Amino acid sequence: QVQLVESGGGLVQAGGSLRLSCAASGRTFSSYAMGWFRQAPGKEREFVVAISRNDDTYCADSVKGRFSISRDNAKNTLYLQMNSLKPEDTAVYYCAGKPAYRGSYYYTGANEYNYWGQGTQVTVSS
């Protein structure tokens, strides 16, 4: 199994930046596609950005050009760099892992991912 723990959330003013981290405890981190999702109060959990096992990246239109995902397999860590933050980015952010046996090509649906972190709160003030 893989255990995921997010960190780095907090309060930031609009236009600011924040970097989230997701630490994985499993030994097979490099074999997982990884993604970030977010959920605001009263809204559904939505896809934000993902990275494949081959370092291909995918992102939602709402964050394109502002957010970027990266991974350090040697450190078993996933990152989400968030720039030009907007109040509408306020949400709990979750990292998620998709094992290799689930296949490739599909990264935007929450049901594609087997493992989830506990979430970290990001609040963007206006």
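This is a predicted model: local features need pLDDT of at least 70, side-chain atom pairs count only at pLDDT 80 or more; totals for chains, interfaces and linings use all residues.

User: How far apart are the sulfur atoms of Cys22 and Cys95?

Analyst: A disulfide calls for two cysteine sulfur atoms within 2.5 Å. Cys22 and Cys95 form such a disulfide, and the count by this rule comes to one. The link is right-handed, with 55° about the S-S bond. As for the sulfur atoms of Cys22 and Cys95, they are apart by 2.0 Å.

User: Which parts of the chain does the pair of Cys22 and Cys95 tie together?

Analyst: The two cysteines form a disulfide. Their positions are 73 residues apart in sequence, so the pair ties together strand E3 (residues 18-24), where Cys22 lies, and strand E9, which holds Cys95.

User: What is the order of the four strands in the open sheet?

Analyst: Strands of a sheet pair through backbone hydrogen bonds, either parallel or antiparallel. Here the pairing is antiparallel. Strand E1 (4-7) and strand E7 (67-72) each pair on one side only, so they are the edge strands. The twist averages 15° from one strand to the next, and the order is E1-E3-E8-E7.

User: Which residue in E8 stands opposite Leu20?

Analyst: Let's look at the pairing of E3 and E8, which is antiparallel and runs over six bridges. The residue in E8 that stands opposite Leu20 is Leu80.

User: Is Asp89 buried or exposed?

Analyst: Asp89 lies in a loop, between strand E8 (77-82) and strand E9 (91-98). Leaving out residues up to four places away in sequence, Asp89 touches Arg38, Arg66, Phe67, Ser84, Val122 and Val124. Because its relative accessibility is 1%, Asp89 counts as buried.

User: Which residue has its backbone nitrogen 2.8 Å from a polar atom of the side chain of Asp89?

Analyst: A polar contact needs a pair of N or O atoms within 3.5 Å. The side chain of Asp89 has a polar atom 2.8 Å from a backbone nitrogen, and that nitrogen belongs to Lys86.

Terms used. Residues are numbered from 1 along each chain as its sequence is written. Side-chain values use heavy atoms; hydrogens and water are left out. Helices (H or I, at least four residues) and strands (E, at least two) are DSSP runs, numbered from the N terminus. Buried means under 20% relative accessible area, exposed over 50%, partly exposed in between (1.4 Å probe, protein chains only). A polar contact is a pair of N or O atoms within 3.5 Å; within protein, one must be able to donate a hydrogen and the other to accept it, and residues adjacent in sequence count only if both atoms are side-chain atoms. Contact means heavy atoms within 4.5 Å. Two strands pair if DSSP finds at least two bridges between them. Axes are lines fitted to C-alpha atoms, for helices over the stretch in contact, and angles run from 0 to 180 degrees between N-to-C directions.
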